[in-house]
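Dear colleague,

Please find the structure below. My notes on its salt bridges follow.

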Amino acid sequence: MNVLLSPQPPFFPHQHEPSRRSPPRTMSHYTMASRKRKADDDDNEMSVSPTGSPAIHPRQLSRPSKKVRAGIELAGRPLPLPRLLETLDKTQLRAVLQTICERHPDIGHEVMTSAPRPSVNGALEVLGEYQDKLRAAIPFGNSSSEYTYYRVKQPLMALVDALGDFTPQFLPPVEQQTTLSLEYLNHATKIIHDLPDFDSQQYRHHKDGAYDEISRAWALVITEAAKRGGGFHLHNGKWDQVLARHNQQSGGKLEQAMNAMVNEVGWIGANQNAHGQGSSSDPNSILNQLINGTYGAPVQVGPF
């Protein structure tokens with residue numbers, strides 16, 4: 001029997017009907033524990049390995065700590081002696097040392113015995129400083145002798161006193177080398193030549209006294225030089241001519257020195273006069289024969 005079944009339309013779900021969802025999966029306790037342990041392991045590896053650490057901290061440079069004097073509080077205090085001496089110039093240091101030596105004679109004696117002897121150049125340098133002060137005190141233009149004298153009196157006396165102190169230092173027996181003595185006397189005499197000339201006699205006594213003292217010094221050195229080789233090196237160094245020029249420039253005030261040259265070294269003085277004129281040029285004199293090396297050679301007579 002044919003049964004006619006009416007066709008049934010296909011079933012379509014409504015578009016607003018919520019779609020079916022799969023039931024949520026539940027995580028077991030074992031799985032959660034496993035993941036937590038893995039995360040802890042990763043954190044440990046990152047903390048141990050510096051390359052795996054995401055946070056890079058800047059490296060701080062270590063600075064040397066400043067040395068602090070233990071037990072010393074910061075407060076004002078005088079300079080140490082070496083630092084104090086560094087601040088003093090030559091004049092200040094000399095004044096301090098001189099004051100100490102005057103207060104303590106034993107220290108002064110030790111300084112005199114320990115200090116090196118002054119050289120000729122060192123003495124002349126000091127004398128040159130006194131000479132510069134004297135020149136600076138001389139007034140400009142034409143001034144009276146009285147005014148000029150009182151302007152230069154203090155530096156003049158200081159220079160003359162310095163000459164009187166330095167000259168004995170270079171005389172025998174303190175100075176054993178006559179060459180050094182003669183070198184000093186030569187320069188010291190030049191300094192005396194440059195002292196002011198005053199019209200009044202009462203103002204010229206400083207210069208006249210300096211000439212008298214330097215003349216006696218020349219005589220002493222010449223006498224000592226005559227004991228060594230007959231004083232031949234006096235002529236070899238032409239000191240007889242130097243002294244003659246000094247005597248002429250001084251106006252004959254070195255007469256005592258010239259007399260010593262004549263008396264102590266007669267073979268030089270035989271050809272000189274008291275005014276310091278040059279020696280004879282006679283080739284047959286004993287002096288020239290000694291210099292030329294012909295002394296004692298046979299003398300030729302006649303036209304040969």
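In these notes, buried means under 20% relative accessible area, exposed means over 50%, and partly exposed lies in between (1.4 Å probe, protein chains only). This is a predicted model, in which local features need pLDDT of at least 70 and side-chain atom pairs count only at pLDDT 80 or more, while totals for chains, interfaces and linings use all residues. Residues are numbered from 1 along each chain as its sequence is written, and side-chain values use heavy atoms, with hydrogens and water left out.

A salt bridge is a side-chain nitrogen of Lys or Arg within 4 Å of a carboxyl oxygen of Asp or Glu. By this rule, there are 8 salt bridges. Helices (H or I, at least four residues) are DSSP runs, numbered from the N terminus.

Glu-175 and Arg-117 form a salt bridge, with N to O at 3.1 Å. Glu-175 lies in the loop between helix H6 (145–166) and helix H7 (178–193), and Arg-117 in the loop between helix H4 (105–114) and helix H5 (120–137), so the pair ties together parts that are 58 residues apart in sequence. Glu-175 is buried, at 8% relative accessible area, whereas Arg-117 is partly exposed, at 43%.

In another salt bridge, the closest N and O atoms of Asp-194 and Arg-135 are 3.8 Å apart. This pair links distant parts of the chain, with Asp-194 in the loop between H7 and helix H8 (205–226) and Arg-135 in helix H5, 59 residues apart.

Finally, a network of salt bridges links Glu-224, Lys-227 and Arg-228.

Kind regards

Definitions and conventions
Helices (H or I, at least four residues) and strands (E, at least two) are DSSP runs, numbered from the N terminus.
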